[in-house]
Every structure is written in structure tokens, then in C-alpha cells.
Amino acid sequence: MKYLITGGAGFIGSHIVDCVLKNGDRVVVYDNFSTGKELFVAHNLSNKNFKLTEGDVLDTKKLTSAMKGADFVFHMAGHADVRGGFDDHSVDHIQNLEATQSVLEAMQKTGVTKIAFPSTSSVYGDATVHPTPEDYPFEPTSLYGATKAAAENYIRAYASYYDWQAYIFRFVSFVGERYTHGIIFDVLKKLKKNPKVLELLSDGTPKKSSVYVADGVEAIFKVIGSTRDRVNIFNIGHQDILTVDEIVDTILAAAGVEIRKKYLGGERGWKGDNSFVYLDGRKLKKLGWEQKYSFQEGIRKTVAYLKNNPDLLD
Ligand SMILES: NC(=O)c1ccc[n+]([C@@H]2O[C@H](COP(=O)([O-])OP(=O)(O)OC[C@H]3O[C@@H](n4cnc5c(N)ncnc54)[C@H](O)[C@@H]3O)[C@@H](O)[C@H]2O)c1
């Protein structure tokens, strides 16, 4: 099998790359390095099954050329910062929706018929059913969630036109090695800047779940290996739920830091944030997937990784 992985030099994409290569398959990583890092794929550069192409997903011509001969596309490139859309109303539209359509056009031109796509728990917004199942309606409260929901629908439409197979994964936050954005990253960065007081968004009460990246990638390949519908939609979440305050305490303990915490906000971290994220994982569990790492273990592993790679915080 030959895989084209957009965003393959990013946090989650680079773990997908490692998994594909471990299985003996071939990979073309297509990445513009806007947030991705060569460091995350450097260990694969000498592998004859690995090819790195620098390019923008929005450049459909270049992407089409890179995609030739691929059997499967992982479209992992995207604007992953949920907060960014409040100040910049175009970035999610361009990077999550237009970029996805560019990938779909390149697939149609090259005859690739399988795609996996990382959607998000944000498509459910402030869901009123917890745990939230896959058939809960789209109720996004951010442009990030809205454009991911729209991208899911574009994928479904192309899959219907051309009889493709699509795998759509709605993740909660992933943590682990090569993590470069999110609450753990923000807290460690703030500790570096001001070791006396830690200022935090929200009032500490929002409740979140998270999945350790190796567990999440295992879930993705479990689904791809077991399901054959035209469109396969799976939540990837964790049954462990922690408040933001508990998450921060776990980060501080793992970092070995004692500091005064100062919460600056209300019941959500920012406009568009969702104060309770808890996905129903029964569909995934039926395939035999179980997470190996608790939420807190995932946090500890991430802190250890960032402590060993302090340059990532700069
Ligand atoms: N990290 C999470 O917890 C999480 C949760 C839900 C969904 N997702 C989704 O998973 C995907 C990967 O997230 P991540 O955390 O690994 O983010 P990331 O920022 O580490 O990775 C994104 C990668 O895509 C590349 N990229 C971005 N725009 C590009 C473009 N126009 N052309 C080519 N390359 C481009 C970046 O350089 C980077 O390598 C994203 O689509 C994100 O929305 C992530």
C-alpha cells in the first residue's frame, strides 16, 4: 500500500507515518511545515519507503502530482488551533474546508478512492447528551468545529459521487510525544515566562477528556482494518474526565512545580470553547479497542517529552 499523508510532519500525522512504515507500507508526506517539524519525521528520512514533499495542500496541482500512485490518503493537515477562528474568521475556512476540497479534487484526478480524516469533538459543540454519540447532530460553537463539520459533509458528498470509502474520526484532544499545542503546552510556556503566578483561562471548572496519541493512532488503524462501509464515522475519546483545574494540577505535579494559580475567566476558556467534552466510545469499543493510558498518564508523558525537548516551547 502507498499512503499520501498531508500534514505528516505534524503532531498526529507523524505518528500515523510511523505506524504505516512499521507495517511495511510506503508513505509520501505532503506538508508545508507551517506547524509541522522536520524533527518529527527526521528518523524516517533514510527509509526507502518514505518520501517527503514540501508543499501546500491548497496547491491542488502540486498535491495531485504528489498523490499519483497512492492507494490511500490520510488528510491530517489542517488548522488545529480551535481558538484561532474567533480573531481570524478566514483561517478555518481556508485551511480546514478549502484545503479539504483541494485534497478531494486531487483524489478525483488521481483515482484514489480511500480517505481518512481527523474531525473533532468540536462538531458537537455544547452537546446536551453525555457521553455524546456519533449520531448527535452538528452544533458547533466555533468556526473550527463548523468547518470540520462542513469538511465531513464534503467528504461524504465526494464519497457518494465516486463510490469512495471514507473514515472520519472525531477526536477529543490528543496528547503525547511531539505535542505542540494545547493546554499542556500553554501551561509549560507560561511557567517559563512567569514562574511566580500561573494565569489561566476559564474558572478551572470546564471538564475535558483526552487520548494518548499512541492509543488514538491504534484506534484509527483498528477502524480502518475492521470496517467496510462507504462512510465510517467514529468518536475517539476517553472515559476519564478531568476538570481544567485537575488537568493543571497534574501538569504542575509532573513538571515538579509549585505555583500560585490565578483563574481569569468564566465557565468556558474562550468564546467557542466547550465546557464539557465527553464522547461515547461504544462504537469503537465494539471493535475491540481499549485505551492503554489514562488521561493523567498521557499528561505525564507529554510533560516529560516537552521537558526533554524544551526548544519546542520557544
Ligand atoms: N491535536 C488534537 O488534539 C486534535 C483533535 C481533533 C482533531 N485534530 C485534527 O487533526 C489534524 C492534525 O492535528 P495536529 O494536532 O497533529 O496538528 P499539527 O498542527 O501538529 O499538524 C498539522 C500539520 O499540517 C501541516 N499543514 C497545515 N496546513 C497545511 C497546508 N495548507 N498544506 C500543507 N500542510 C499543512 C502542518 O505543517 C502540520 O505538519 C488537524 O486537522 C486537527 O484539526 C487534532
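A polar contact here is a pair of N or O atoms within 3.5 Å; within protein, one must be able to donate a hydrogen and the other to accept it, and residues adjacent in sequence count only if both atoms are side-chain atoms. By that rule, 15 residue pairs, both at pLDDT 80 or more, are in polar contact across the interface of domain 1 and domain 2. This is a predicted model, where local features need pLDDT of at least 70, side-chain atom pairs count only at pLDDT 80 or more, and totals for chains, interfaces and linings use all residues. Residues are numbered from 1 along each chain as its sequence is written, and side-chain values use heavy atoms, with hydrogens and water left out.

**The two domains**
- Domain 1 covers 2-174 + 212-236, and domain 2 covers 175-209 + 240-277 + 292-313, with bounds from an automatic or database domain assignment.
- Their centres, taken over C-alpha atoms, sit 25 Å apart.
- Domain 1 puts 26 residues into the contact and domain 2 puts in 25 (contact means heavy atoms within 4.5 Å).

**Buried area**
- About 2300 Å² gets buried between the domains, 53% of it on carbon and sulfur atoms; this is the accessible area (1.4 Å probe) that two parts lose on being put together, summed over both.
- On the domain 1 side, Phe11, Arg83 and Tyr212 lose the most area to domain 2, together 31% of what that side buries.

**Salt bridges**
- Four salt bridges link domain 1 and domain 2, each a side-chain nitrogen of Lys or Arg within 4 Å of a carboxyl oxygen of Asp or Glu.
- Lys292 pairs with Glu218 in a salt bridge, with the closest N and O atoms 2.7 Å apart.
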